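Keep the model in view as you read.

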Amino acid sequence: MSLVLPSELVVDRFLPTVRAMLATRLADRDMTQQEIAANLGVTQAAVSKYVGGESGGDDRFREHPETVATVNRIADGLSSGEMDGYDALAELLALVRSLEDRGPICELHEEEMPALRGLGCDLCVRGLDADVRAERDVLADVRTAARTLAAIPEMADYVPNVGTNVGMCLPDPRDETDVAAIPGRIYSMGRRIEIPANPEFGASKHVATALLAANVIDPDVRGATNVATDERLLEAARERGLEPLEFDADYEDRGAHLRSRFEERGGVPLVAYHEGAFGIEPTTFVFGSTAGDAVQLVDELIAISS
């Protein structure tokens with residue numbers, strides 16, 4: 001993976017574009033090229049190129065409404081004397097922070113580092129604080145768990161027609177946006193398991209609902225996956241001393257129903273299943289402390305049942 005800092009893109013792509021924009025606007029406001037050069041910290045020859053349209057630049061910045069508004073504001077302030085270099089710098093820094101927050105700089109960064117796509121990266125905005133570390137850890141666990149799931153021998157036999165998923169929640173999750181999973185679910189293509197994308201928060205409703213219900217009862221349960229209900233797996237769970245919990249498939253509030261069943265059980269079982277209903281495919285949920293733990297249990301159950 002190539003390592004490119006966002007600041008490199010600011011220097012190489014953003015700054016030349018903004019300087020060219022400022023030069024032309026200051027020239028339109030009757031400032032001399034020498035005055036423009038002094039304000040921008042460049043040579044007069046560079047200003048001549050900017051004003052002559054030879055500077056190149058990136059249209060994503062040049063045409064971005066917030067960039068245009070900021071450049072016009074700085075040009076007005078410098079030409080009128082109401083703004084000095086410090087004020088202009090403050091305006092530009094604020095603009096850079098804004099464009100890094102899922103804006104053009106972020107877009108360019110993902111182009112330069114494709115591995116960032118789908119990770120919900122916001123390091124530029126929030127920094128590597130405890131919350132960011134927790135999110136990155138969860139995403140990494142789900143990504144590894146999905147790959148492990150895809151590598152399980154005979155896994156294709158246990159992927160539901162609607163697909164499977166692997167999910168993990170943050171500590172103290174509020175809703176499904178605090179659960180990371182694979183967008184579009186995981187499918188069996190022939191005998192091959194297809195993982196369509198990197199994990200994202202808020203990408204699952206099916207697994208997230210079950211996981212959130214479990215986490216309310218037992219905060220240590222933060223990972224889950226779903227597979228097709230199969231008596232071989234249920235029997236394998238019993239052989240391991242894990243008595244599966246059956247619940248109803250046809251209910252209005254899935255989360256409330258699951259919480260109720262878990263409370264009746266006196267805790268969250270590692271395996272919970274239903275036999276399906278009209279239009280609802282039989283599904284088994286496997287839980288764990290992490291997504292990786294849940295997938296590891298699936299691997300063990302398939303091995304026992306084979």
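The questions below concern a predicted model.

Q: Why is aspartate 28 called exposed?
A: Its relative accessible area is 62%. Aspartate 28 sits in helix α1.

Q: What makes the contact between aspartate 76 and arginine 29 a salt bridge?
A: The N to O distance is 2.8 Å. The rule asks for a Lys or Arg side-chain nitrogen within 4 Å of an Asp or Glu carboxyl oxygen. The pair therefore qualifies. Aspartate 76 lies in helix α5, and arginine 29 in the loop between α1 and α2, so the bridge ties together parts 47 residues apart in sequence.

Q: Why does arginine 29 count as partly exposed?
A: Its relative accessible area is 28%. Buried means under 20% and exposed over 50%, with partly exposed in between. The value falls in between, so arginine 29 is partly exposed.

Q: How do you know that arginine 191 and glutamate 154 form a salt bridge?
A: Their side chains meet at 3.4 Å, N to O. The cut-off is 4 Å, so the pair counts. The two residues are 37 apart in the chain.

Q: Why are arginine 191 and glutamate 154 labelled as they are?
A: Arginine 191 has 56% relative accessibility. That value is over 50%, so arginine 191 is exposed. Glutamate 154 has 40%. That lies between 20% and 50%, so glutamate 154 is partly exposed.

Notes
Residues are numbered from 1 along each chain as its sequence is written. This is a predicted model: local features need pLDDT of at least 70, side-chain atom pairs count only at pLDDT 80 or more; totals for chains, interfaces and linings use all residues. Side-chain values use heavy atoms; hydrogens and water are left out. Helices (H or I, at least four residues) and strands (E, at least two) are DSSP runs, numbered from the N terminus. Buried means under 20% relative accessible area, exposed over 50%, partly exposed in between (1.4 Å probe, protein chains only).
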